[in-house]
Amino acid sequence: MRIDLHTHTSVSDGTDTPTELIHNAVAAGLDVIALCDHDTFGGIPEATAAAAAAGIGFVPGIEISCDYQGKGVHLLGYGCDMEYQPLAVELAKIRAGRKQRLPRTLGLLAELGVPVTTDEVMAKVGDAPSVGRPHIADALVARGHVADRKEAFDRFLADDGPAYVPRYATELLIGIDLIHAAGGASIIAHPWGRGSKEVLPESVLTQLVREIGLDGFEVDHNEHNAAARAELRALARSLGVVALGSSDYHGTGKKNHPLGANLTTEADFHRLENAMSRRHHHRG
Ligand code: AMP
Ligand code: FE
Ligand code: FE
Ligand code: ZN
């Protein structure tokens, strides 16, 4: 079984529509796929229908922008009730923060000599409800300021870059509780990617599992080297939680993240399914 549990569509900062994602997943020989767009469930209905028509397993997911001690942490939720109001309200608040920071980012880019207009960015956003830095990157590419999204992040938009503007994100512990309250399973995305190991060392991941019931974390991800994967896998095994593997596919938006680039094992997928059904049945 080929199981890829973290992907994006054009509903956030990927480039495939949900239907295209499913067709590409079938073409990549996947048996199960999860869609985890940033801070929105907007693509789930279309992807669910396309997956049913294509006969591929589908898990509805989300990737929530969280904050832990001032650092951005991405939190995956699987099998959440999309109608659960406290979660829906929180996601709307994050999406509003994404829009609100745009003028300041564009101001900084202009000062840096690489101006783009709001309209140029919005042309890249299209009708996606979740506006992200990758859309700004695409506008910079269209203007010829940079060659691709990676150069835009490396030179301007990365968290420590000169055009970075912070935005609202949910406190991590609250995010985990919201996912559980919505009947979903909680998994921290790429915990040791891009310098987040300092805020999420083994001791913190252990505490999150033991004290608030985090259901697992991503292990096989392109931002983790072999040593990080080995350590995280051993930790997940010792804690008895899900060790997730995924491509974090963004369509043509991210090179080196093709569908199936990393997979979740069947054993870990069963662990995730168990966590989802436990969360589903234990809802308050
Ligand atoms: P935002 O959602 O606006 O905070 O932008 C973060 C998104 O941009 C991530 O989910 C990735 O898809 C992408 N991203 C973040 N850092 C980089 C980077 N250094 N290079 C390329 N893409 C990145
Ligand atoms: Fe993304
Ligand atoms: Fe992420
Ligand atoms: Zn992602």
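**The iron site**

Mentor: The donor residues of the iron ion (ligand 3) follow the spacing E-x10-H-x115-H in sequence. This is a predicted model, where local features need pLDDT of at least 70, side-chain atom pairs count only at pLDDT 80 or more, and totals for chains, interfaces and linings use all residues. Residues are numbered from 1 along each chain as its sequence is written, chains are lettered from A and ligands numbered from 1 in the order written, and side-chain values use heavy atoms, with hydrogens and water left out.

Trainee: Which residues are the protein donors of the iron ion (ligand 3)?
Mentor: Glu63 (OE), His74 (ND1) and His190 (NE2), at 2.1 to 2.2 Å from it. Donors are N, O and S atoms within 2.8 Å of the metal (3.2 Å for Na, K and Ca), and water is not among the atoms, so sites may look incomplete.

Trainee: Is His190 buried or exposed?
Mentor: His190 is buried, with a relative accessible area of 10%, while His74 is partly exposed at 22%. Buried means under 20% relative accessible area, exposed over 50%, partly exposed in between (1.4 Å probe, protein chains only).

Trainee: How far is the iron ion (ligand 3) from the iron ion (ligand 2)?
Mentor: The separation is 5.5 Å.

Trainee: New topic. What does ligand 1 have in the way of oxygen contacts?
Mentor: One of its oxygen atoms is 3.0 Å from a side-chain N or O atom of His250. For Arg133, a backbone N or O atom is 2.8 Å from an oxygen atom of ligand 1.

Methods: Polar contact = N/O pair within 3.5 Å; in protein donor to acceptor, adjacent residues only side chain to side chain.
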